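Subject: Structure handover and notes

Hello,

Please find the structure below. My notes on it follow.

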Amino acid sequence: MEQLTAPAIRKSFINATRSEVAALNLPAGFAELDWDNLDYLGWRDPKMPQRGYLVTPLEGKPVGVLLRAPETSAPGNRRVLCGLCQDVHSEEDVYLYVARRAGQSGRDGNSVGTLICADFVCSANVRQQVPATPIHPDPEAVTAERIAGLRERTDRFLHRVLGR
Ligand SMILES: [Zn+2]
């Protein structure tokens, strides 16, 4: 994805109040992010671990979603598939993240949830080298397909938050 500035990120949220956005802390290492290899920018708030954020371009504009992480990390969640990258090899924990819906629906208390890698490592997961096999002789094509799948499912999640 294209590099975003801190003000652009703060402006992008569709389901957060002004004070929630004002309290947001950017991820550690924000200045050195490898944007070229990110399909979305996702992070846990370094000062408020119960909060997560996911920002990605949607129809050419950055769109950010404020997420609530579970109170406690349930052990044994490793066997659950992340709804975004659907990586079957990852050893990372997967959390059910909940997003308030955008607009009036969210103010009325409606939310949507999705399973996401706890530390938002989906972009790295889908870029893991896969060995060539007789069924998939071209690993690069497999990776491209996985990246496309991650982007598509991320878009779909944002549409659910937007109530489309
Ligand atoms: Zn994932």
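Helices here are DSSP runs of H or I with at least four residues, strands are E runs of at least two, and both are numbered from the N terminus.

Some ground rules before the rest. This is a predicted model, in which local features need pLDDT of at least 70 and side-chain atom pairs count only at pLDDT 80 or more, while totals for chains, interfaces and linings use all residues. Residues are numbered from 1 along each chain as its sequence is written, and side-chain values use heavy atoms, with hydrogens and water left out.

Zinc site

The zinc ion is held by the SG atoms of C82, C85, C117 and C122, at 2.3 Å. Donors are N, O and S atoms within 2.8 Å of the metal (3.2 Å for Na, K and Ca); water is not among the atoms, so sites may look incomplete. Angles among the four donor atoms run from 103 to 118°, and the site is tetrahedral. That label requires four donors with all angles between 85 and 135 degrees. For reference, the ideal angle for four tetrahedral donors is 109.5 degrees.

Along the chain, the donors of the zinc ion have the spacing C-x2-C-x31-C-x4-C. C82 sits in the loop between β3 (61–68) and β4 (94–100), and C117 in strand β5 (residues 111–117), so this pair ties together parts that are 35 residues apart in sequence. C82 and C117 are both buried, where buried means under 20% relative accessible area, exposed over 50%, and partly exposed in between (1.4 Å probe, protein chains only).

Salt bridges

Six salt bridges turn up in a search of the whole structure. The criterion is a side-chain nitrogen of Lys or Arg within 4 Å of a carboxyl oxygen of Asp or Glu.

One of them joins D39 and R127, with 2.8 Å from N to O. D39 lies in the loop between α2 (18–23) and β1 (41–44), and R127 in the loop between α4 (122–126) and α5 (139–162), so the pair ties together parts that are 88 residues apart in sequence. Both D39 and R127 are buried; for D39 the relative accessibility is 5%.

D39 also forms a salt bridge with R151, at 2.7 Å from N to O. This pair links distant parts of the chain, with D39 in the loop between α2 and β1 and R151 in helix α5, 112 residues apart. R151 counts as partly exposed because its relative accessibility is 40%.

Another salt bridge pairs E152 with R156, whose closest N and O atoms are 2.8 Å apart. E152 and R156 are four residues apart in helix α5, so about one helical turn separates them. At 48% relative accessibility, E152 counts as partly exposed, and R156 also has 48% and counts as partly exposed. Salt bridges with shared partners join D39, R127 and R151 into one network.

Cores and helix α5

The largest nonpolar core has 26 residues, and those with the most contacts inside it are Y40, L67, C82, L84, I116, C122 and F157. Such a core is a set of buried Ala, Val, Leu, Ile, Met, Phe, Trp, Tyr and Cys residues joined through side-chain atoms within 4.5 Å. Two or more residues of this core come from each of β2 (51–58), β3, β4, β5, α4 and α5. The largest share, five residues, comes from α5.

L84 touches residues including Y40, L54, I116, C122, L150 and F157, not counting residues up to four places away in sequence. Contact means heavy atoms within 4.5 Å. Another core lies apart, with 14 residues, among them L4, I9, W35 and L38.

The buried residues of α5 include V142, I147, L150, F157 and V161, and the buried residues of this helix pack against β2, β3, β4, β5 and α4. The 24 residues of α5 should span 34 Å at 1.5 Å a residue, and its end C-alpha atoms are 35 Å apart, which agrees. The expected span is 1.5 Å times one less than the number of residues.

T114 is in strand β5 and counts as buried because its relative accessibility is 10%. Leaving aside neighbours within four places in sequence, T114 is in contact with G83, Y95, L96, Y97, F157 and R160. V94, in strand β4, counts as buried at 4% relative accessibility.

Regards

Methods
Four donors count as tetrahedral if all angles lie between 85 and 135 degrees; four count as square planar and six as octahedral if opposite donors are over 155 degrees apart and all others between 65 and 115; anything else is irregular.
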